[in-house]
Amino acid sequence: MTSPGSTTGPTRREHDLLGDRDVPADAYYGVQTLRAQENFHITDVPLHHFPRMIEALAQVKRAAARANHRLGALDDERAAAIEEACEEIVGGALHEHFVVDMIQGGAGTSTNMNANEVIANRALEILGHERGQYDHLHPNNHVNLGQSTNDVYPTAVRLTIMLSFPALAEAMDHLITTLRSKGDEYASVLKMGRTQMQDAVPMTVGQEFHAWATTIEEDVQRLTRTATLFQEINLGATAIGTGITSDPRYAKMATDNLTELTGIPFVVATDLVEATSDTGAFVTFSGILKRIAVKISKICNDLRLLSSGPRAGFHEINLPSVQPGSSIMPGKVNPVIPEVVNQVAFEVIGNDLSVTFAAEAGQLQLNAFEPVIAFNILESTTIMTRAMNTLADRCIAGITVNEDVLEDYLRRSIGIVTALVPVLGYSASTDIAQVALETGRPVAELVLERGLLDEERLQELLSPASMTAPHRATLTGTIPVLEEADDVQPDSGEVALPPSTERLDF
């Protein structure tokens with residue numbers, strides 16, 4: 001067999017509005033697909049790059065054929081052949097014959113005709129005819145019966161997204177689980193938190209990883225919720241939403257068939273004219289993808305900073321060494337996994353801008369730019385899914401923590417003085433911080449030297465439990481104590497201190 005699109009070897013003659021063309025004899029597509037191949041050599045990303053898109057197109061055509069058969073517009077033999085061809089395509093057959101570039105002019109007409117022609121030619125074979133013998137079963141008259149690109153294409157894109165996004169949600173859940181597991185592993189290890197790249201206050205490594213997990217977890221829910229917008233479709237709207245050429249019962253019947261075939265509860269849009277020109281759901285969904293990308297990129301920025309070094313950087317954590325980092329510097333290992341995920345995020349953010357511009361550019365009763373919307377959303381979904389799994393498996397799971405480095409940073413930091421503010425006051429604490437900064441001496445050493453606190457009380461205030469969770473400090477006489485309001489019995493005069501996970505050596 002020759003490859004799809006090749007005109008070497010045997011051919012068959014097909015005719016369309018513009019005249020006759022020779023199509024490869026073994027191709028399941030036809031003359032309109034051939035013209036689209038010639039016209040839209042843009043991305044080198046054909047329809048079959050996204051298998052879910054091919055599956056979605058076949059399911060829409062199958063749902064339409066069932067409705068047309070039930071309405072008496074399609075005879076038993078043709079309806080059965082079209083359904084069988086669609087079923088084969090859903091199962092993975094003939095995908096290589098969906099050859100049109102994802103980005104194309106014509107609002108998706110080339111995609112729709114690519115599907116019509118492949119389904120028609122396979123159905124012809126099922127009926128015992130040769131490919132291209134359209135007088136027996138025609139791509140437009142039978143496969144596209146009661147349809148238009150303007151309702152088929154957006155419906156197929158919506159279905160494609162519904163079929164594709166669960167893999168992204170699953171990948172996000174996997175990353176969340178991996179982050180939480182790493183947070184649990186280092187739940188009691190103290191470190192310095194930072195704001196504006198400056199020392200802030202202590203926290204635990206576990207809190208840092210758990211925070212990353214939470215920020216991703218929020219968007220799994222948003223992603224799933226937003227995807228339900230695609231359950232409203234305009235199948236049956238035909239050209240502009242008026243339903244011209246379709247039976248009045250067709251829209252609901254075809255939509256119900258699509259629900260039965262996919263298990264997704266689709267509904268007919270309440271205003272088909274509005275639904276045919278509106279791309280708001282795509283804008284909203286793309287915005288969620290951008291939000292996820294921004295968050296995941298920020299996490300990767302943090303990972304690169306925290307692992308920087310190993311001698312002249314933060315060196316708080318070690319990322320797994322997955323490949324040598326330099327062609328000239330021996331021993332260098334780069335944070336290549338966070339770097340590639342950063343780049344995926346940049347791509348997704350840019351894709352969202354393209355979706356926004358394309359949605360805004362729609363005119364009157366149709367948006368002609370849905371192909372670039374589909375391409376960018378499907379690409380974003382695909383690469384973000386892969387990036388999430390890559391980050392979880394090839395980076396997060398293998399991270400180790402340099403506890404000696406963390407302890408040294410903590411001991412030398414002036415940030416821990418914040419824990420003393422409730423008992424020493426802001427002014428006295430500021431003075432301690434300034435002297436510590438100028439001399440390089442530890443905060444604890446200065447506090448003890450000045451007799452502001454005894455060592456036991458200082459340890460209580462600077463315990464991990466006290467520095468990494470909410471508490472309330474009060475004064476009992478002239479001795480500062482830590483008071484946990486829930487543990488204080490009225491009038492008892494007794495104060496319960498939070499448990500310390502470890503004793504810090506200052």
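Tutor: First, contact means heavy atoms within 4.5 Å. By that rule, Leu223 touches Phe165, Leu168, Ala169, Met172, Phe285, Ile288, Leu289 and Ile292, leaving aside residues up to four places away in sequence. This is a predicted model, where local features need pLDDT of at least 70, side-chain atom pairs count only at pLDDT 80 or more, and totals for chains, interfaces and linings use all residues. Residues are numbered from 1 along each chain as its sequence is written, and side-chain values use heavy atoms, with hydrogens and water left out.

Student: Which residues touch the most other members of the largest nonpolar core?
Tutor: A nonpolar core is a set of buried Ala, Val, Leu, Ile, Met, Phe, Trp, Tyr and Cys residues joined through side-chain atoms within 4.5 Å; buried means under 20% relative accessible area (1.4 Å probe, protein chains only). Here the largest has 117 residues, and Leu223, Ile296 and Leu391 touch the most other members. A second, separate core holds 22 residues, including Val417, Ile432, Ala433 and Ala444.

Student: And what lines the largest pocket?
Tutor: On a 1 Å grid over the protein atoms alone, a pocket is an open set of points where a 1.4 Å probe fits, with protein on both sides within 12 Å along at least five of seven lines; lining residues have an atom within 4 Å of a point. The largest pocket has 16 lining residues, with Ser307, Gly309, Pro310, Val333 and Asn334 nearest its centre.

Student: Which residues lie nearest the centre of the second largest pocket?
Tutor: Arg194, Glu208, Lys298, Asp302 and Leu306, out of 13 lining residues.

Notes: Buried < 20%, exposed > 50% of the residue type's maximum accessible area, 1.4 Å probe, protein only.
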